[in-house]
Amino acid sequence: MGKANRIIYIITAFLIAHAGTFCMCAQQRNDKVLNRPYADLRRWHLGFSVGINTLDLQFTHNGFITESGETWFMEQPSFSPGFCVNGLFDLRLNNYFSLRLSPGMYFGNRVVKMRNTSGTEKEQQNIKSTMLVLPVDVKFASLRYHNVRPYLTAGAMAVYDVAKKRNRDPIKLSSSDFMLTIGFGCDVYLPYFKFCPEIKFCFGLSDMVQHKRPDLTDDPDRMKFTNSLTKATQQMVVMTFYFE
């Protein structure tokens, strides 16, 4: 989990620094005047977002031993930044809570490395993803202070990967997943719109490995990677910039 923690800390620090600077600038310019004072009283409003993401796979191994006496392990040692774009529908529930629906697309890439216990053989697989996502979040916002308003989110997200899978990949992932999400951000009220930097952590619940591989029944040398895995779950860190 060390690599995951490092990327989370780096992105969180960047977001806090960025949001803090932006919020201070906005507040200094609007110490006495509230921008869009009635924006949060509307029953619903629309918006969109752009952002970046990192995709991660957490592997659980079963100690499978091949006929040649090898045991193989899979890992994702590094992260590749991806891109995401979403729409937004926000429904006000009361002064503190709102329900958000933000369908969109995530684009990303994962490089999985395989190695045996002796370290004499190594292989890798590049897994590209184009995901249709449907996040549903409950947003809890604090009281507004001048032109900023921090908030927390929690919810769930359905994911479907539309990227074409090659039949004879060593590891083949399922297309669908269901994830739990938690995040935080800050509403910044500008004269003509609301700007909301946000960071979200997503945790997959499904086993993504396709264990039944009829395409590899005649190739046990490639099937050994699937046989070595009990499951693999995916995680994401998403940094998003909303415009409402």
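## Overall architecture

The predicted protein contains two helices and ten strands, and, when these elements are read along the sequence, they follow the pattern α-β-β-β-β-β-β-β-β-β-α-β. Of the 244 residues in the protein, 45% are buried. Among contacts with a separation of 6 or more, 73% are accounted for by residues 24 or more positions apart.

## The largest pocket

The largest pocket has a volume of about 320 Å³, and its lining is made up of 22 residues, of which D40, R92, N94, N95 and R149 lie nearest the centre of the pocket. Sorted by class, the lining comprises ten charged, eight nonpolar and four polar residues.

Several strands contribute to this lining: β1 (44-61), β3 (82-92), β4 (97-101) and β6 (122-141) each supply at least two of its residues.

## Nonpolar cores

The largest nonpolar core is a set of 14 residues, within which F59, M74, V112 and I171 have the most contacts. Strands β1, β2 (72-75), β5 (104-116) and β10 (229-243) each provide at least two residues of this core. Apart from it lies another core, of eleven residues, which includes Y106, V133, C202 and M236.

F59, one of the residues with the most contacts inside the largest core, also has neighbours of other kinds.

N116 is found in strand β5, and, because a relative accessibility under 20% is the criterion for burial, its value of 1% places N116 among the buried residues. Once residues up to four places away in sequence are set aside, N116 touches E70, T71, W72 and E121. The pairing with E70 spans 46 residues in sequence, while the C-alpha atoms of N116 and E70 are 6.2 Å apart in space; the side chains of these two residues are joined by a polar contact of 3.5 Å.

T240 lies in strand β10 and is likewise buried, with a relative accessible area of 5%. Its contacts, not counting residues up to four places away in sequence, are with S49, V50, G51, C196, P197 and E198.

Where do the residues R36 and H146 sit? R36 is placed in the loop between α1 (2-29) and β1, whereas H146 is found in the loop between β6 and β7 (148-161).

R36 has a positive phi of about 45 degrees although it is not a glycine, and H146, also not a glycine, has a positive phi of about 55 degrees. R36 counts as partly exposed, at 27% relative accessibility, and H146 is partly exposed with a relative accessible area of 27%; these assignments follow because partly exposed covers the range between under 20% for buried and over 50% for exposed.

Terms used: Residues are numbered from 1 along each chain as its sequence is written. This is a predicted model: local features need pLDDT of at least 70, side-chain atom pairs count only at pLDDT 80 or more; totals for chains, interfaces and linings use all residues. Side-chain values use heavy atoms; hydrogens and water are left out. On a 1 Å grid over the protein atoms alone, a cavity is a set of points where a 1.4 Å probe fits but cannot get out, and a pocket is an open set with protein on both sides within 12 Å along at least five of seven lines; lining residues have an atom within 4 Å of a point. Grid points are joined across faces, edges and corners, and a volume is the space filled by probe spheres set on the points. Helices (H or I, at least four residues) and strands (E, at least two) are DSSP runs, numbered from the N terminus. Ala, Val, Leu, Ile, Met, Phe, Trp, Tyr, Cys and Pro count as nonpolar, Asp, Glu, Lys and Arg as charged, and the others, Gly among them, as polar. A nonpolar core is a set of buried Ala, Val, Leu, Ile, Met, Phe, Trp, Tyr and Cys residues joined through side-chain atoms within 4.5 Å. Buried means under 20% relative accessible area, exposed over 50%, partly exposed in between (1.4 Å probe, protein chains only). Contact means heavy atoms within 4.5 Å. A polar contact is a pair of N or O atoms within 3.5 Å; within protein, one must be able to donate a hydrogen and the other to accept it, and residues adjacent in sequence count only if both atoms are side-chain atoms.
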